[in-house]
Amino acid sequence: MQPSASTAATRKAGCGSFSAAATDALRALTKNRPGALLAGALSDPDRRVRLAAAGILAETDYKETLAALKECLARQGEDEEVRFQAARAAARWQAAEGIEALKQLAREAALPLRARALFALGRYGGPPQLD
């Protein structure tokens, strides 16, 4: 079985085989109710599950998960990579919280993540967000 595009992206992000397997498992579980299951996974105690869920949401069109994405972005102490994926997903729908989280990551995150946040800002927020 060929890995999905989001699984390949998860592996490329250096998240390891657990995240790739979690991504595939979440994708299989969400076949009938994707939004609700993925939104719930954003609150999972395991960082790897939250990362996989946020990564899937960043690549899909489950706008009904926007409230859960905003909660994830507002959570104090959330992992930077999880925040990036949640911000990217929220920014796709022009949610101010997603754009603001990307701006913050572009200013404060480790260098590789800063570059990805800037790219996402340009893609979802347009050139005015890069000032």
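Trainee: Which side chain does Glu81 meet in a salt bridge?

Mentor: This is a predicted model. As a general idea, side chains of opposite charge can pair when their charged atoms come close. Here the side chain of Glu81 meets that of Arg116 in a salt bridge, at 2.7 Å from N to O. The pair links distant parts of the chain, with Glu81 in helix 6 and Arg116 in helix 8, 35 residues apart.

Trainee: Is each of these two residues buried or exposed?

Mentor: The cut-off for buried is under 20% relative accessible area. Glu81 has 11% and therefore counts as buried. Arg116 has 30%, so this residue is partly exposed.

Trainee: How many salt bridges does the structure hold?

Mentor: The structure holds nine salt bridges. Some share partners: Arg50, Arg75 and Glu78 are joined into one network in this way.

Trainee: Which residue does Arg92 pair with in a salt bridge, and where do the two lie?

Mentor: Arg92 pairs with Asp61, the N to O distance being 2.9 Å. Arg92 belongs to the loop between helix 6 and helix 7, and Asp61 to the loop between helix 4 and helix 5, so the bridge ties together parts 31 residues apart in sequence. The C-alpha atoms of Arg92 and Asp61 are separated by 8.8 Å. Asp61 is exposed, at 58% relative accessibility, while Arg92 is partly exposed, at 26%.

Trainee: What else is Arg92 in contact with, leaving aside neighbours within four places in sequence?

Mentor: Besides Asp61, the contacts of Arg92 are Leu57, Ala58, Glu59, Thr60 and Tyr124.

Trainee: Which residue forms a salt bridge with Lys70?

Mentor: Glu97 does, and the closest N and O atoms of the two are 3.7 Å apart. Lys70 is in helix 5 and Glu97 in helix 7, so this pair ties together parts that are 27 residues apart in sequence. Lys70 is partly exposed, with a relative accessible area of 31%, and Glu97 is partly exposed as well, with 37%.

Trainee: How does one read the sides of a helix, and which residues of helix 8 are buried?

Mentor: An α-helix has 3.6 residues a turn, so residues three or four places apart point the same way. In helix 8 the buried residues are Leu113, Ala117, Ala120, Leu121, Tyr124 and Gly125. They cover an arc of only 105° around the axis and therefore lie on the same side of helix 8. These buried residues pack against helix 6 and helix 7. The other side of helix 8 has Leu111, Pro112, Phe119 and Arg123 as exposed residues.

Trainee: What span should helix 8 have, and how far apart are its end C-alpha atoms?

Mentor: Helix 8 has 15 residues, and at 1.5 Å a residue they should span 21 Å. The end C-alpha atoms are 20 Å apart, which agrees.

Trainee: Which residues of helix 3 are buried?

Mentor: The buried residues of helix 3, which runs over residues 34-41, are Pro34, Gly35, Leu38, Ala39 and Ala41. Their arc around the axis is only 160°, so they are on the same side of helix 3.

Trainee: Where is Thr65, and is this residue buried or exposed?

Mentor: Thr65 is in the loop between helix 4 (47-58) and helix 5 (66-74). With a relative accessible area of 0%, Thr65 is buried.

Trainee: What does Thr65 touch, and which backbone oxygen does its side chain reach?

Mentor: Not counting residues up to four places away in sequence, Thr65 touches Gly35, Ala39, Leu57 and Trp93. Of these, Gly35 and Ala39 are among the buried residues of helix 3. The side chain of Thr65 reaches the backbone oxygen of Tyr62 at 2.6 Å.

Notes. Residues numbered from 1 in each chain as written. Predicted model: local features only at pLDDT ≥ 70, side-chain atom pairs only at ≥ 80, totals over all residues. Heavy atoms only, no water. Helix = DSSP H or I, 4+ residues; strand = E, 2+ residues; numbered from the N terminus. Buried < 20%, exposed > 50% of the residue type's maximum accessible area, 1.4 Å probe, protein only. Polar contact = N/O pair within 3.5 Å; in protein donor to acceptor, adjacent residues only side chain to side chain. Contact = heavy atoms within 4.5 Å. Salt bridge = Lys/Arg side-chain N within 4 Å of Asp/Glu carboxyl O. Arc of directions from axis to C-beta. Expected span 1.5 Å × (residues − 1).
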